[in-house]
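Student: I have a protein model open and would like to learn how to read it. Could we go through it together?

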Amino acid sequence: MPRHTETRNLPYTPEQLFDLVADVGRYQEFLPWVAATRIRSDSETEMLADLVVGFRALKETFTSKVNKRRPHEIEIDYVEGPLKYLHNNWRFRPDGKGGTDVDFCVDFAFKNRIFQALAGQMFDAALRRMIGAFETRAHALYGGALPGSKRSSAQSAA
């Protein structure tokens with residue numbers, strides 16, 4: 001059951017980073033492995049969205065409920081698809097210097113043991129690539145420092 005928690009300091013406001021993460025409908029534009037998205041419903045505080053995720057010839061669709069507390073927190077919980085469970089949390093805290101400390105946590109497990117074994121082997125590399133894609137997108141949208149900002153702490157478990 002892969003789990004990862006990390007804190008990063010980024011040179012953007014909590015509002016900017018919240019908007020970036022909450023814009024699920026554009027994930028296929030910049031996130032690796034996201035082939036398509038469909039927003040089933042969306043409000044200021046809650047979203048229901050489908051993501052089609054592809055690894056080579058394999059493609060799976062999963063549905064998540066996104067709880068939004070602008071500009072401080074986004075929580076994503078699994079609804080249906082190939083996973084046993086998924087919980088993803090983003091917290092955005094002003095750092096007092098014009099930037100934001102971003103606390104990120106993801107915890108999930110596949111129903112299929114083969115997918116679970118593959119995920120465990122590729123988890124760290126995939127996660128680094130995904131987090132890097134969010135940083136690159138923030139830089140493209142908002143300018144400022146290049147991606148690769150300092151990492152305060154990180155912890156992974158597979």
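This is a predicted model: local features need pLDDT of at least 70, side-chain atom pairs count only at pLDDT 80 or more; totals for chains, interfaces and linings use all residues.

Student: How much accessible surface does the protein have, and what share of it belongs to carbon and sulfur atoms?

Tutor: Residues are numbered from 1 along each chain as its sequence is written, and side-chain values use heavy atoms, with hydrogens and water left out. Accessible areas come from the Shrake-Rupley method with a 1.4 Å probe, and for residues only the protein chains shown count as cover. Here the accessible surface comes to about 8,600 Å², and 53% of that belongs to carbon and sulfur atoms.

Student: In what order do the elements of the protein run?

Tutor: Helices (H or I, at least four residues) and strands (E, at least two) are DSSP runs, numbered from the N terminus. This protein has three helices and eight strands, in the order β-α-α-β-β-β-β-β-β-α-β.

Student: Is Leu10 buried or exposed?

Tutor: Buried means under 20% relative accessible area, exposed over 50%, and partly exposed in between (1.4 Å probe, protein chains only). Leu10 sits in strand E1 (residues 3-10) and counts as buried because its relative accessibility is 10%. Across the protein, 45% of the 158 residues count as buried.

Student: Which residues lie nearest the centre of the largest cavity?

Tutor: On a 1 Å grid over the protein atoms alone, a cavity is a set of points where a 1.4 Å probe fits but cannot get out; lining residues have an atom within 4 Å of a point. Grid points are joined across faces, edges and corners, and a volume is the space filled by probe spheres set on the points. The structure holds two cavities of 30 Å³ or more, and the largest has about 150 Å³ of space. Of its 14 lining residues, Leu10, Trp90, Val102, Ile131 and Phe134 lie nearest the centre. E1 gives the most to this lining, with four residues.

Student: Which side chains does the side chain of Asn9 join through polar contacts?

Tutor: A polar contact is a pair of N or O atoms within 3.5 Å; within protein, one must be able to donate a hydrogen and the other to accept it, and residues adjacent in sequence count only if both atoms are side-chain atoms. Asn9, also in strand E1, is buried at 17% relative accessible area. Its side chain contacts that of Asp95 at 2.8 Å and that of Asp101 at 2.9 Å.

Technical notes
On a 1 Å grid over the protein atoms alone, a cavity is a set of points where a 1.4 Å probe fits but cannot get out, and a pocket is an open set with protein on both sides within 12 Å along at least five of seven lines; lining residues have an atom within 4 Å of a point.
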